[in-house]
Every structure is written in C-alpha cells, then in structure tokens.
Amino acid sequence: MAADKLLSIYLNDHLAGATIGVELARRIRARNRGTPLGDYLERLTSEIESDRKTLDRLIAELGIRHNRVKAFGAWATEKIGRLKLNGQLTGYSPLSRLVELELLYLGITGKREMWRVLQRTLGNDVPGFEFEELARRAERQAEEVEGRRLEVADAALGTPEPVVRTG
C-alpha cells in the first residue's frame, strides 16, 4: 500500500478521534460549568477545538479526502458513550467525571503522539505547521488533565488511609 494511502488512513483516524475529543470536552465542560474544573475546561475545550481545526487544515493542505463515514461514526460513538453505567440510573456522578477525564487524557496523549509522528515523517515539509510545538502543547494539556483527573479520583473514590504497621 502506498505511503500516501496510509497517511490518509492515519490522519482520518486521528480526525475521527479528534471529533470524539471535541464532543467529550464540550460535554465535560457543560456538566461542570460554574466550578473550577468547568473554568479550566473552557480554555481546554477551546484548545482542543483549535487542534482539531489544525488537523483538518493539514488534511486539506495535503490534498487528502475526508472520510465522512469515519467522522460520522466518531460523532455517533461519543453520543453512545454517554450511556455507560456510572453508579446512578440517571444523572451525572463523580465516577462519570473521573471516567470522562480519563478518556480525555487518553485522547490528548494520542494526539501528542500523532504530532510527534508527523514531525518525524513530514518534518518541515508542510509550511505553516509546527508539529513540534503542537506536540508540546498536547503534552502540557495531558499534564494539566492528569492533575485534575487525580483530584477528581480523590473526590470520587476517596484517598486511602495510610497503612500503619506495628511490630
């Protein structure tokens, strides 16, 4: 299979993942509006939307066709993902917040790795795209989400009591 075909598949797969990421970030932001986490998610969601637009622009610049079936499938997958069990029959639970942040973290780290692969394979061959900078931005996003994920885990699951051993 030609490298161009493989690049098309790779970028369309990541565009589908970015679609899920945008929808997930918007949902978490909406569910946490008016809280410190919601305030943080305002900025993060904007960045994730911008990253998806950058990827979309790259695909256009490379002359790659969008795979509309993958894009729709990704959008539908995110909507279906809302039906997962969270310890409550209805509503939003602390476990929902934890699982959503974990999914968001996984998406951001996947995006970071994509930018690293593109830096390695395309380098500076595509003017206007700073893959190294995009990877650094994703790394910062991942670190920030990880910190908040751990805070949410403490709130949802509690922090363990230290084990005191005698004798």
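**Exercises on a helical chain**

The protein chain has five helices and zero strands. The model is predicted.

**Exercise 1.** Determine how helix α1 and helix α4 are oriented relative to each other.

*Solution.* Step one is to locate the helices: α1 spans residues 3–31 and α4 spans residues 94–122. Step two is to examine their axes, which come within 10 Å and cross at roughly 150°. Step three applies the cut-off: angles over 145 degrees count as roughly antiparallel. Therefore α1 is roughly antiparallel to α4. The crossing of the two helices, α1 and α4, is left-handed.

**Exercise 2.** Identify residues that make the contact between α1 and α4, and describe the contact by class.

*Solution.* On α1, the contributing residues include L7, L11, L24 and I28. On α4, they include L101, L104, V117 and L118. Also taking part are R27 of α1 and E100 and E113 of α4. By class, the contact of α1 with α4 has twelve nonpolar residues, three polar residues and three charged residues.

**Exercise 3.** Describe the burial, the contacts and the surface of the protein chain as a whole.

*Solution.* Begin with burial: 39% of the 167 residues count as buried. Next, consider contacts between residues at least 6 apart in sequence; 80% of these join residues at least 24 apart. Finally, the accessible surface comes to about 10,100 Å², and 56% of it belongs to carbon and sulfur atoms.

Conventions
Residues are numbered from 1 along each chain as its sequence is written. This is a predicted model: local features need pLDDT of at least 70, side-chain atom pairs count only at pLDDT 80 or more; totals for chains, interfaces and linings use all residues. Side-chain values use heavy atoms; hydrogens and water are left out. Axes are lines fitted to C-alpha atoms, for helices over the stretch in contact, and angles run from 0 to 180 degrees between N-to-C directions. Helices (H or I, at least four residues) and strands (E, at least two) are DSSP runs, numbered from the N terminus. Angles under 35 degrees count as roughly parallel, over 145 as roughly antiparallel, 65 to 115 as roughly perpendicular and the rest as oblique. A crossing is left-handed if the near helix is turned anticlockwise from the far one by less than a right angle, and right-handed if clockwise. Contact means heavy atoms within 4.5 Å. Ala, Val, Leu, Ile, Met, Phe, Trp, Tyr, Cys and Pro count as nonpolar, Asp, Glu, Lys and Arg as charged, and the others, Gly among them, as polar. Buried means under 20% relative accessible area, exposed over 50%, partly exposed in between (1.4 Å probe, protein chains only). Accessible areas come from the Shrake-Rupley method with a 1.4 Å probe; for residues, only the protein chains shown count as cover.
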